[in-house]
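This report describes a protein structure for a reader who is new to the subject. Please keep the sequence and the model in view while reading.

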Amino acid sequence: MTDRRPEFFARLLVVGLCLGVVLVPLAFRPGSDVATLHARLAEDGGWSPQALQAEVGMPFKLRLTSDDVQHGFAVGQMDMQPVDVEPGRVSELMLLFKQPGTYTFYCTRWCGLNHWRMRGTIEVRGADGSLGPAGGTAEQPLYVRLGLDIDTPHPAAFTPAAPASARNGITLAERFPELFARFSSTDTYRSHSPAELFAALGEADPALGASQRWDLVAAAWAANTTPAGLANGRIIYSQNCAACHGENGGGDGVFADQLAAAGAASMQAMSGEMSIQRPANFSDPARLLGASPALLQGKILRGGMGSGMPIWGNIFSEPQIWDVIAYLYSFQFKENP
Amino acid sequence: MKRFELTGLPLVKPLLKNRWPQLLLLAGMLAGFLFAILAGLIGTPVGSHNFGIVFTWITWWAILILVAVPFFGRGWCAVCPIPLPGEWLQRGAVLGPIDKKPRWPNLRWPNKLRNIWLQNAAFTLVALFSSVILTSPAVTSIVLAGMLFLAIGLSMVFERRTFCRYLCPVGGFIGLYAQAAPMELRVKDRRVCAACVGKPCYRGSQEGYGCPWDVFPGGLSKNTACGLCLECLRTCPSDNIAINTRPFAADLQTPLARPDEAFKAFIMLGAAMLYSAVLLGPWGALKDAAYRVGSPEWFGYAAVFLAVIFGVLPGLFRLAAGRHFTAFATALIPLGMLFWAAFSLSFVLTNASYIASTLSDPFGWGWNLFGAAGLAWQPLLSGLVAPLQTLALVGGLLWAARTAQRVGVQRGVSSAPVILFCLATTLAMLGLLL
């Protein structure tokens, strides 16, 4: 009788190995106890999943991986350094939420034309299961309180012949301390465009020359920011705004042309429902000096409503937004403090 | 260089005749094959960090094209796991022959299809979609699984290794280039085979199966169809089978005589050049067209691809070789093989560093099995790539010229136009790679 044992062991070997290589990985697959967030280009679906759940005060472990190109991860309105999300690699991250609310996470790398669409939410519930507001302030933003129509064009009625000097303005302000104190108060600075301040200065003291008035406006700007705030604004601008608006604010970022072309070709644009524009050019004095900090705050908080400008209100904190706005004016005012 | 019988060395023949070493290798390969399919399906879609892509298109391809085919001919076929499950079903056994009637029809493969035209078509089909196959783990898995299931399905209907012999897109070119390899399986004495009763090497016996490749070893004169499965070594009652080392290109002494094999040479030559242009070249639009399968651009790319392979190259060669087209195509065997070696060197050495990181984290799930998951990408021996490629291409040209010259002498015609064709394609390849 033929010895069947070799054949049996041979079959056992083949089946065992084949099942082993399939079942072992499946058994050790990353568990569902740790959320794994996959990043893909927005055109291919963006983040997956797009909504996560966490609890206040409980460490929230997150595994991040990219399914295509390099992305970055950060949670809006949280004090955290962006984390690189590399293709095919897994980064682990521990988050701790102190307040309940709906937080927005977003991509921090210029991954593609629709980079800014890469957003998702983390619902953070309190111990009682409630979902409160995420960070920020319950007070209405300044642009709303002022009733500004942020979609109306706001060209500056006056522009300087040459970039205004904050340093000259500060020296000049020493000669007009009361006038300067009035015009550089935070409320006045934030609620008026530089061009409006320029006009108001002319009415308050007709003896002041145009360049002196512009220097005083620049000094008012300098008085309402700090070197640290400007540096922070610069970082935020470089990471989040420069892709479209350009490193130097010229509206010529790496995606500017593509955005304009994509917008022009969109169905909404063709049907007249929306008009994608080129990103704002902050190096144009008529454009920037006609915008008050409050108006810029509204643009940043709410986004461009169809113009292609994304909403940043759920990502940046209020101080961050004022820092960015202060940095924007540095494209027009020289000799920064 | 004379032939040297490797099976004459002590221990070699017993090792080869014993089924266990080969089965262990095959089982390991099958496990790796299934693991690659699994990784492609459930691992990261990032090709450079997925075992399916890295081990199929970098590791396996490098071993195949740079080592296995040039030095061992069909050596890969001896350990290829694809036929194993189908043969198990077909034979009713994994190891040795058992006394069981086959449960399947075991039909003969139709005579009209007993050539490599289907393999040519299969390779061309894979080549047309290669930009996607080579970069998408899921698509790679589908292709690998498709080959496995097709092999199983054919084994259940047809006799022997029909898939390997007539359909496998890889087997076709391995068979073509195996003719240049310095290794062969041959009979020691043809008269013994002629006198052999029953031809157990072809029909099978209690010692082993009839040739799975449908080859009668007594008639073997080229490596093309012998899959080195070693069954004849086990079944030959007269110990008349030998595995020899031999000079390179021994089979090329006899020129090609079949148009299907001649066209295989053109497909391989053209594909190496087109791959170099698409995958390594600086033309973004061409790359985009190759990747956007189904788009009008891709159809344009496919039309150019097919026109180059089946029209331009054979057309020019026809002008050079005249009515000795098929015989002179023999020269394209060493030329094409070294084109592929040169092409492969660049991306294999460039991407080899992914092997270690992928071994540590084969699915891109964040594992770190061997501590190498975090290794950064680093091209290997980048300074050597261009000299090695040049060496390969120039070596291929000289080898092709020598082969063409021999064919010319045999046919009594000038080989100069064919050598000129080889020179022109080599210059084109040099331009594409360097």
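Setting aside residues up to four places away in sequence, Gln22(B) touches Ala78(B), Leu228(B), Cys229(B), Leu230(B) and Arg234(B). The model is a predicted one. Within chain B, Gln22(B) belongs to helix α2, which covers residues 19-42.

Is Gln22(B) buried or exposed? Its relative accessibility is 13%, and a residue counts as buried under 20%, so Gln22(B) counts as buried. One of the residues that Gln22(B) touches, Arg234(B), is also its partner in a polar contact: the two side chains are joined at 2.7 Å.

## Chain B as a whole

Chain B contains 21 helices and 5 strands. Its radius of gyration is 22 Å, close to the 22 Å that the globule rule gives for 434 residues, so chain B is as compact as a globular protein of that length.

Of the 434 residues of chain B, 59% count as buried. When contacts in chain B between residues at least 6 apart in sequence are considered, 81% of them join residues at least 24 apart.

## Two loop residues in chain A

In chain A, Gly57(A) is located in the loop between β3 (51-55) and β4 (60-66). Gly57(A) has a relative accessible area of 46% and is therefore partly exposed. Apart from neighbours within four places in sequence, Gly57(A) is in contact with Leu96(A) and Phe97(A). Gly57(A) and Pro100(A) are 43 residues apart along the chain, and their C-alpha atoms are separated by 9.3 Å.

Ser193(A) is placed in another loop of chain A, between α5 (186-191) and α6 (194-204). With a relative accessible area of 3%, Ser193(A) is buried. Which residues does Ser193(A) touch, not counting those up to four places away in sequence? They are Leu289(A), Gly290(A), Ala291(A) and Ser292(A).

Note on methods
Residues numbered from 1 in each chain as written. Chains lettered and ligands numbered in written order. Predicted model: local features only at pLDDT ≥ 70, side-chain atom pairs only at ≥ 80, totals over all residues. Heavy atoms only, no water. Helix = DSSP H or I, 4+ residues; strand = E, 2+ residues; numbered from the N terminus. Rg over C-alpha atoms; globule rule 2.2 N^0.38 Å. Buried < 20%, exposed > 50% of the residue type's maximum accessible area, 1.4 Å probe, protein only. Contact = heavy atoms within 4.5 Å. Polar contact = N/O pair within 3.5 Å; in protein donor to acceptor, adjacent residues only side chain to side chain.
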